[in-house]
Amino acid sequence: MAKQGEIVVGLDIGTTKVCAVVAEVKGVRGDEYSEIEILGVGNVPCKGLRKGVVANVASTTESIRQAIEEAQNMAGVEI
């Protein structure tokens with residue numbers, strides 16, 4: 001569980017797109033986040049998946065890399 005002030009990253013790999021989100025934990029209540037601030041988002045087309053299955057590892061990897069790069073550039077942090 002992240003503590004207040006820590007950076008957390010989410011990654012969603014889908015058949016049509018890859019999304020990465022960078023956020024800062026602003027508040028924690030018990031075992032749950034009570035507040036986060038979104039710092040950056042990356043959203044790129046996914047070209048390596050077909051019907052939810054990895055068809056091309058290199059293309060999928062490149063889509064993930066691009067989404068993470070976009071999110072970290074927007075957030076001003078290194079992932």
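These notebook entries record what I looked up in a predicted model of one protein chain.

**Entry 1: Overall layout**

I began with the secondary structure and found that the protein chain has 1 helix and 5 strands. Reading along the sequence, I noted the pattern β-β-β-β-β-α. I then looked up the extent of the chain, whose C-alpha atoms fill a box of roughly 40 × 25 × 15 Å along the principal axes. Of the 79 residues, 27% count as buried. The chain exposes about 5,200 Å², and carbon and sulfur atoms supply 50% of that area. I also looked up the contacts between residues at least 6 apart in sequence, and 44% of these join residues at least 24 apart.

**Entry 2**

I turned next to strands S1 and S2. Strand S1 covers residues 7–13 and pairs with S2 in the antiparallel sense over 7 bridges. A hairpin of 3 residues joins S1 to S2.

Which residue stands opposite Cys19 of S2? I found that it is Asp12. Cys19 itself lies in strand S2. Setting aside neighbours within four places in sequence, I listed the contacts of Cys19 as Gly10, Leu11, Asp12, Gly42 and Asn43. I also recorded that Cys19 and Ser63 are 44 residues apart in sequence, with their C-alpha atoms 9.2 Å apart in space.

**Entry 3: The nonpolar core**

I looked up the largest nonpolar core and counted 9 residues in it: Val18, Ala20, Val22, Val44, Cys46, Leu49, Ala67, Ala71 and Ala75. Strand S2 (17–29) and helix H1 (57–75) each supply at least two residues of this core. I noted the general background that nonpolar side chains tend to be buried together in soluble globular proteins.

Not counting residues up to four places away in sequence, Val44 touches Thr16, Lys17, Val18, Ser63, Gln66, Ala67 and Glu70.

**Entry 4: Gln72 in the helix**

I found Gln72 in helix H1. Gln72 counts as buried because its relative accessibility is 18%. Which residues does Gln72 contact beyond its neighbours within four places in sequence? They are Val22, Val77, Glu78 and Ile79. For Ile79 I recorded a further detail: its backbone nitrogen lies 2.8 Å from a polar atom of the Gln72 side chain.

**Entry 5: Salt bridges**

How many salt bridges does a search of the whole structure find? The search gives 4, and I examined some of them in turn.

The side chains of Lys26 and Glu24 form a salt bridge with an N to O distance of 3.7 Å. Lys26 also meets Glu37 in a salt bridge, here at 3.3 Å, N to O. This latter pair links distant parts of the chain, with Glu37 in strand S3 (residues 32–45) and Lys26 in strand S2, 11 residues apart. I therefore noted Glu24, Lys26 and Glu37 as linked in a network of salt bridges. Lys26 is partly exposed at 30% relative accessible area, and Glu37 is partly exposed at 37%.

Glu69 is partly exposed at 37%, and Arg65 is partly exposed at 39%.

Methods. Residues numbered from 1 in each chain as written. Predicted model: local features only at pLDDT ≥ 70, side-chain atom pairs only at ≥ 80, totals over all residues. Heavy atoms only, no water. Core = buried A, V, L, I, M, F, W, Y, C linked by side-chain atoms within 4.5 Å. Buried < 20%, exposed > 50% of the residue type's maximum accessible area, 1.4 Å probe, protein only. Helix = DSSP H or I, 4+ residues; strand = E, 2+ residues; numbered from the N terminus. Contact = heavy atoms within 4.5 Å. Polar contact = N/O pair within 3.5 Å; in protein donor to acceptor, adjacent residues only side chain to side chain. Pairing = 2+ DSSP bridges. Areas by Shrake-Rupley, 256 points an atom, 1.4 Å probe, with all protein chains shown as cover.
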